[in-house]
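User: Can you take me through the side-chain contacts in this one? Start with the charged pairs, then the rings.

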Amino acid sequence: MADPSTGVPIGARRRRFVLERPLEEPDGFGGVVRRYVAGPLLWGAIEPLRPVARTRFGWAEAVATHRIRFRFGPEITPAMRLASGPRRFAIQSAGDPDGRRREVVCQVEELVGEAGAA
């Protein structure tokens, strides 16, 4: 059965995410140190889009890209990131697809090798 307001199956938003907000503090040498602090808990649906291969520092790596859907709620910006257990996702874009304030759709990139980073 689908949620009549969005057309998404009721059980699809069963993955728990924590919205992590950036916090920048001076490092004492004129720069800043960015860390992420836990924000609100969100329930969403995640779907893989396609694996993307890229080269970083001379090494080939596969970066998983996903689409995550939430009920409309707190403001989500690309400066934030999402955590689901040990997995971290960098938000590439977030928006209300139809302008009806029913759901937020995020395009994310999984941060491989940064699991559990604070």
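**Side-chain contacts**

Analyst: The count comes to eight salt bridges, a salt bridge being a side-chain nitrogen of Lys or Arg within 4 Å of a carboxyl oxygen of Asp or Glu. This is a predicted model, where local features need pLDDT of at least 70, side-chain atom pairs count only at pLDDT 80 or more, and totals for chains, interfaces and linings use all residues. Residues are numbered from 1 along each chain as its sequence is written, and side-chain values use heavy atoms, with hydrogens and water left out.

User: OK, what does Arg-69 pair with?

Analyst: Arg-69 meets Glu-103 in a salt bridge, 2.9 Å from N to O. The pair links strand S3 to strand S6 (residues 103–110), 34 residues apart; strands are DSSP runs of E, at least two residues, numbered from the N terminus.

User: And is Glu-103 buried or exposed?

Analyst: Glu-103 is buried, at 8% relative accessible area, whereas Arg-69 is partly exposed at 22%. Buried means under 20%, exposed over 50%, partly exposed in between (1.4 Å probe, protein chains only).

User: Which residues are linked in a network of salt bridges?

Analyst: Glu-20, Arg-81 and Arg-88.

User: Switching to rings. How many aromatic pairs?

Analyst: Two; rings of Phe, Tyr and Trp (its six-membered ring) pair if their centres lie within 6.5 Å, with planes under 30 degrees apart stacked, over 60 edge-to-face and the rest tilted. Phe-17 and Phe-70 are edge-to-face, 5.5 Å centre to centre with 85° between the planes. Both Phe-17 and Phe-70 are buried. Phe-17 also pairs edge-to-face with Phe-89, at 6.4 Å and 65°.

Definitions and conventions
Helix = DSSP H or I, 4+ residues; strand = E, 2+ residues; numbered from the N terminus.
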